[in-house]
Amino acid sequence: MRGKPLVSIVSAGLSKFGKIEGMYGRELFAEAAKEAFERCPNLDPKRDLDALFVGHMGESYEHQGHTGAVAADWAGLIPIPAARVEAACSSSGVALRMGIYSVLSGLCDVVMVGGVEKMTHRSTPEVTEFLAMASDFPFEQWNGMTFPGLYAWMATAHMHKYGTTETQLAHVAVKNHYNGSLNPKAHMQKEITLEQALTSRVIAWPLKLFDCSLITDGASCVILTRPELARKYTDTPVHIIGSGHACDTIGVYEREEFTSIRAARIAAREAYEMAGVEPGDVDVAEVHDCFTIAEIIAYEDLGFCNPGEGGRLAESGETSLKGNIPVNTSGGLKAKGHPVGATGTAQAYEIYLQLTGQAGRRQVADAEIGLSHNVGGAGVTATVHIYRRG
Amino acid sequence: MQQPFTIEQFYRNIAQKKLTGGKCLKCGKIHVPPRSLCDSCLSKEFEWVELAGTGKLLTYTVIHVAPPQFQSMAPYAVGIIQLENGVKIPGIIREVPFEQIRVGMQLTIDYEAASTGHQWPQWPRYYFKPVPA
């Protein structure tokens, strides 16, 4: 089983990410679907697609639930069986997992998996409140916690235990903004300096504005099929060879440790074992940098370095486009943006581009093995997927 | 009749200025808040225990950008406190300047009858403050 393709990605689409005025989430999803259909002329979407799974976090943003059917409708796929998948910021990472289940079950031959969120028309306090709904209500929300606050707890603990510094956090932001400057679909396409990051205003100490990902509108999708059918649709499939998914307590306060995300470690182990690859084999990775500390912890949880060394890895430049293991070549959640429900399959989209040589100015030369790491809530849900060039 | 092992009952006890948990009669794990199904051994048998409200600060943050319900309080500090028996509980930290808050410092619980005035449950509140000298 090790290294055997579970499913193959034969196409992918991404809307522009950013503050997209005058468009609803469903319209953004249609943008992503259009790109995926255009990339794959051999696919007849109405005839070939057997199911649609759509990651979407919150009906509060647009006063619109029932997103599976809404997305199916606007992608022109009615009466396709469609379902919304909700797992906070990992909604479409989990949708991807559901897509894999559906193909491996034998019930589906070709499925679309995607995600969408429209957020920027809401005020920052409203978005702060809506996002916090994915955290524990009776103790954490009730005590005024926010998402930046929950990751700030991890940052404080990481700094206390390992001596990680605010400057090391800022290096993650600078790198990801540089990568975003090379991505025409990124929300923020301009570089920032270390000083700008370090002097930005405090959101939840020790995290500052430039430690936080962006409130963004966007949608993403990928099309999966059984590996033996992939060549029918494309000459350049990308195989998913490992998939991991795990959960942890909704309350961060209950955890044994605050310097690592256990669900991500478990998901990573599952995905690596299934794929038969080691962390050192990964050529390019998209990780869940909802906050800079989250990328540093991801390096450690994914085995790119030892526990406690993530800050130094960020500082070393080895995760930049020129380093040994380029991370968040798209700009990540930090600069490409984080329309929460869309993020998991937006990561898959970037890996698809990288492994098919379509990543333009941010292309990692000869990338063969890719990894995506998508975390929902403050380490409550995690999915890890491993990809190989077909 | 035994009180139900619920979050609501936990906060009713907070209103009586008591920090309580549910102790699993099978494996001994103390749950704060109480649960009716032990997440460790799946037992359904518990007893209430009253906990000492003093412990060590494990980590903290200072919230500057707050949800609407808390905006009037911002900035405010929130931490995770580990009580003497190992139980962890989050809480707002008061009565100490932010710059004097340290991981590892001793904090103790106190109570108030506050509510945010929003359409949230009208629970009483607890918070943490430095141990008086």
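Visitor: Which residue in β11(A) is the bridge partner of S243(A)?

Guide: The bridge partner of S243(A) in β11(A) is H385(A). Before we go on, this is a predicted model, where local features need pLDDT of at least 70, side-chain atom pairs count only at pLDDT 80 or more, and totals for chains, interfaces and linings use all residues. Residues are numbered from 1 along each chain as its sequence is written, while chains are lettered from A and ligands numbered from 1 in the order in which they are written.

Visitor: What makes β8(A) and β11(A) a pair of strands?

Guide: Two strands pair if DSSP finds at least two bridges between them. Here 9 bridges join β8(A) to strand β11 (residues 381-389) of chain A, and the two run antiparallel. β8(A) also pairs with strand β1 (residues 7-14) of chain A, in the antiparallel sense over 3 bridges. On that side, V238(A) in β8(A) has I9(A) opposite. As for the names, strands (E, at least two residues) and helices (H or I, at least four) are DSSP runs, numbered from the N terminus.

Visitor: Why is β8(A) called largely enclosed?

Guide: A residue is buried if 20 or more other C-beta atoms, placed from the backbone, lie within 10 Å of its own; with 12 or fewer it is exposed, and in between it is partly exposed. In strand β8 (residues 238-247) of chain A, 8 of the 10 residues are buried, so the rest of the structure largely encloses this strand.

Visitor: Why are α7(A) and α11(A) called roughly perpendicular?

Guide: Angles of 65 to 115 degrees count as roughly perpendicular, under 35 as roughly parallel, over 145 as roughly antiparallel and the rest as oblique. They run from 0 to 180 degrees between N-to-C directions, with axes fitted to C-alpha atoms, for helices over the stretch in contact. Helix α7 (residues 166-180) of chain A and helix α11 (residues 292-301) of chain A have axes that come within 8 Å and cross at roughly 95°, so α7(A) and α11(A) are roughly perpendicular to each other.

Visitor: Which residues of α7(A) and α11(A) meet?

Guide: Q168(A), L169(A), V172(A) and A173(A) in α7(A) meet T292(A), I293(A), E295(A) and I296(A) in α11(A). Contact means that two C-beta atoms, placed from the backbone, lie within 7 Å. The residues of this contact divide into 5 nonpolar, 2 polar and 1 charged. Ala, Val, Leu, Ile, Met, Phe, Trp, Tyr, Cys and Pro count as nonpolar, Asp, Glu, Lys and Arg as charged, and the others, Gly among them, as polar.

Visitor: What makes α4(A) and α14(A) roughly perpendicular?

Guide: The axes of helix α4 (residues 91-104) of chain A and helix α14 (residues 343-355) of chain A cross at roughly 70° and come within 5 Å, so these helices are roughly perpendicular too. The contact of α4(A) with α14(A) has 3 nonpolar, 6 polar and no charged residues.

Visitor: How many residues of the two domains of chain A are in contact?

Guide: The domain assignment, automatic or from a database, gives domain 1 (7-122 + 216-238) and domain 2 (130-214 + 240-389) of chain A. Between them, 40 residues of domain 1 are in contact with 38 residues of domain 2. α4(A) gives the most to the domain 1 side, with 8 residues.

Visitor: How do you know that β5(A) pairs with a strand of chain B?

Guide: 2 bridges join β5(A) to strand β4 (residues 54-63) of chain B, and they run antiparallel. A204(A) stands opposite I63(B) in β4(B).
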